[in-house]
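Hi everyone. Please have a look at the model on the screen, and then I'll walk you through it.

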Amino acid sequence: MATKAELLEKLKTGVVEYQEDMVKEAAQQALDDGYVPLEMIMDGLAAGMEVVGDLYDRNEYFVPEVLMCADALYAGLDILRPHVPKDETGLNAQVVIGSIQGDVHDIGKNLVKMMFDVAGWEVHDLGRDVPLEKFVEEQMRTDSEVVAMSAMMTTTMLGMKKVIKMIKEKNPNVAIMLGGAPVTKDVANLFGADGYAESAGNAVSEGIKMIGRLREYQKK
Amino acid sequence: MSELSAKERVERVFRREPVDTMPFFSGMGMVLRPAIKELGYKFPQVHRDPEKLARAAILSSKMFGFDSVVVPFDMTCESQAIGNTISIYEDSEDTLYPTIPEKMWKSMDDVNIPSDIADRWPISMIYEAIKIAKKEAPEYPVGAWQLGPFTQAGQVLELDILLKGIFKQKAQVEATLDKLSDMCIAIGQKCQEAGADYITLREMGTGTDLLSPRTWKDVIQPRMRRILAAWKSPKILHICGATNLIIEMMNDCGADAISVDIKNNLAESREKLGQNTLLFGNFDVFALPCKEETTVEEAIQGIKTNIDGGVDAVWPGCDLWPDIKEANMKAIVETTRTYGKKPSPALGRL
C-alpha cells in the first residue's frame with residue numbers, strides 16, 4: 001500500500017510531466033487504498049496544474065505542453081470525481097461557458113472549463129459559435145453564478161458586450177468572465193465584465209491561480 | 001517632390017527607396033462597413049462574389065485614403081474548397097466572418113489535399129477579385145495573403161490535435177504541415193500570377209503565447225522558408241501574439257518585411273533586428289479606430305506612438321475591424337501622412 005504522500009506526489013508529477021498512465025494508476029490506487037478522492041484531486045492533480053501554471057508563466061511550458069498536462073489531469077479526474085460526494089466540495093456552484101457566435105476556437109475555453117471541472121462546479125458547456133441569446137437563456141435556465149465567454153478574434157469580441165448587457169439587466173449578480181486573444185483588461189472593464197484572461201495559456205494561468213485560492217479556502 | 005501615388009509609395013517601400021511619407025497599408029483585410037453600406041451590400045455577401053469582394057476592398061481604401069487594396073477578407077476559402085461546409089451568417093446584421101463549424105478531417109491521417117486545390121472555387125474567386133481590383137483601381141497596389149500551414153491546419157483540423165501532436169506524433173505533424181505548405185505555395189503563386197503586387201504569409205497562430213521558440217525553430221521556420229522562397233518579392237511574414245522571442249528567426253525566413261501585432265515590443269524588436277529591416281504592425285485595430293470611447297485625439301496620439309516606436313509603415317497588426325469610427329479612421333490615416341514625413345528606421349524620405 002502506498003502512502004498518501006506518495007500517491008499525491010505521483011498524481012502531481014504525472015500531471016506536470018503529462019504522464020496519463022501514471023496519473024490513472026495513482027488515482028485508481030488512491031481509491032483502492034481508501035484515500036479521500038477530493039483530497040487527491042486538490043492536493044495531487046490541481047497541485048500539479050499549479051506547477052504547470054508556473055512553468056507556463058516562466059516560458060518553460062507552452063500551450064501544447066499545457067494541453068497534454070490537461071489530458072493527464074482529466075485522466076485522473078475521470079477516475080476520482082465520481083467518488084466525491086456532491087456536497088463535499090462545499091461549493092455547489094454552476095457556470096455557463098462557451099465560445100461566442102462567429103468564433104469556433106475553443107482551446108482557451110476548454111482549459112478554463114477544466115478549472116471549473118477540477119473545482120467541482122456544475123459546468124454547462126454550450127460549445128462554440130454560440131448565439132448570443134443562448135448564453136442568456138442558459139444562465140436563466142440554470143441560475144448559474146458565473147457566465148464565461150471566449151472570443152479569439154476582435155471581430156467576434158463585440159458580441160460579448162451585448163451578452164453582458166442582456167445578462168446584467170436580468171440578473172446583476174451574475175459574475176462574467178471573458179477570455180480570448182483580443183480581450184484586454186480595458187475591454188473587460190469597458191464591457192462590464194468581472195474577470196478576464198487574454199489567451200489560452202493566460203486563461204490556464206488565471207484559472208490555476210483560482211484553483212490555488214480554492215485549495216487554500218478548502219484547507220481553512 | 002510631388003506626392004507619390006499609393007502604388008509608387010508602396011513599391012518604393014519594398015525596394016527600400018525613399019518615400020514622400022509613410023504609407024498606411026496592410027497585408028490583411030481592410031474592408032470597412034461604410035464602404036459596404038455605400039455599395040448597398042451586406043457583410044455576408046461580399047465574401048463569395050469576386051466583384052463585390054474587389055469593389056468593397058477598393059471603396060474602403062478610397063474612402064479612407066489607404067495605400068493598398070487587399071483581398072480576400074475571410075479565412076475559409078481553402079477549407080471550403082477542400083470540402084468543408086462553412087457558416088456565412090447570412091441573416092446576421094452583426095459583423096461575423098465566415099467560420100467552419102465542423103471539419104470533415106478528424107485526424108492527421110485524413111489530410112488529403114486535392115491536386116487541383118489551387119484552381120477550385122472559392123479559391124479561384126480570389127484570383128478573379130485580384131484581377132478586378134487591378135483593372136478598376138490601377139493606382140493602388142493589390143495585396144493578397146495566405147494563411148501559413150500551421151494556422152491553416154486549424155481551419156481543416158481541430159487545432160489541439162496538431163498542438164498535442166507536436167510531441168506525440170511529430171512525423172505526422174510535419175507531414176501535415178508539408179502538405180498544407182504545398183497548397184499555400186500553389187495558391188500564393190496563382191495570386192501573384194493574377195497580379196497581386198505583394199503577398200503576406202500569415203502564420204498567425206504560432207506566436208510564443210502558443211508555441212515555444214524551440215518548436216517554432218524546429219517545426220515552423222523550415223516551412224516559412226520554403227514557402228517564402230517559392231514566392232516572388234515583395235513578401236511579408238506576419239505572426240500574431242507574442243513574437244519578441246522569435247523575431248530574429250522570423251527575420252531569417254526570406255521575407256522582405258516583418259509584421260507583428262500589439263503584443264510585440266517594438267523597441268526590443270528594433271534592437272534585435274537593427275535599423276535595416278522593414279518592420280510593420282503593432283497598431284491596435286480595436287482601440288484606435290473602433291473603440292467607442294476612443295477620441296480622435298487619442299487615435300492620433302496612438303498612431304504617433306506607433307510611428308515613434310520604429311515602424312516603417314502604419315500597418316494594422318491584424319485585419320481592420322469593419323465597424324470603425326469614421327472620424328478616428330480618417331484621423332489615423334491623416335496622421336500617418338503628416339507625422340510620417342520624417343524618415344523611419346529602414347526608409348529615407350524624398
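In chain A, 12 residues of domain 1 are in contact with 10 residues of domain 2. In contact means that the C-beta atoms, placed from the backbone, lie within 7 Å. On the domain 1 side, helix H3 (37-57) and H4 of chain A each supply at least two residues. H3(A) gives the largest share, 6 residues. Helices here are DSSP runs of H or I with at least four residues, numbered from the N terminus. By class, that side has 10 nonpolar, 1 polar and 1 charged residues. Nonpolar covers Ala, Val, Leu, Ile, Met, Phe, Trp, Tyr, Cys and Pro; charged covers Asp, Glu, Lys and Arg; the others, Gly among them, are polar.

A quick word on the source. This is a predicted model: local features need pLDDT of at least 70, side-chain atom pairs count only at pLDDT 80 or more, and totals for chains, interfaces and linings use all residues. Residues are numbered from 1 along each chain as its sequence is written, while chains are lettered from A and ligands numbered from 1 in the order in which they are written.

Now, how do H3(A) and H4(A) run relative to each other? Their axes, lines fitted to C-alpha atoms over the stretch in contact, come within 10 Å and cross at roughly 175°. Angles run from 0 to 180 degrees between N-to-C directions. H3(A) and H4(A) are therefore roughly antiparallel, a label for angles over 145 degrees. Their contact includes Leu45(A) and Met49(A) of H3(A), and Leu73(A) of H4(A). By class, it has 12 nonpolar, 2 polar and no charged residues.

Last, the partner chain. The contact takes 19 residues from chain A and 26 residues from chain B. Helix H4 (63-80) and helix H7 (154-170) of chain A each supply at least two residues of the chain A side.

How values were computed. Two residues are in contact if their C-beta atoms, placed from the backbone, lie within 7 Å. Angles under 35 degrees count as roughly parallel, over 145 as roughly antiparallel, 65 to 115 as roughly perpendicular and the rest as oblique.
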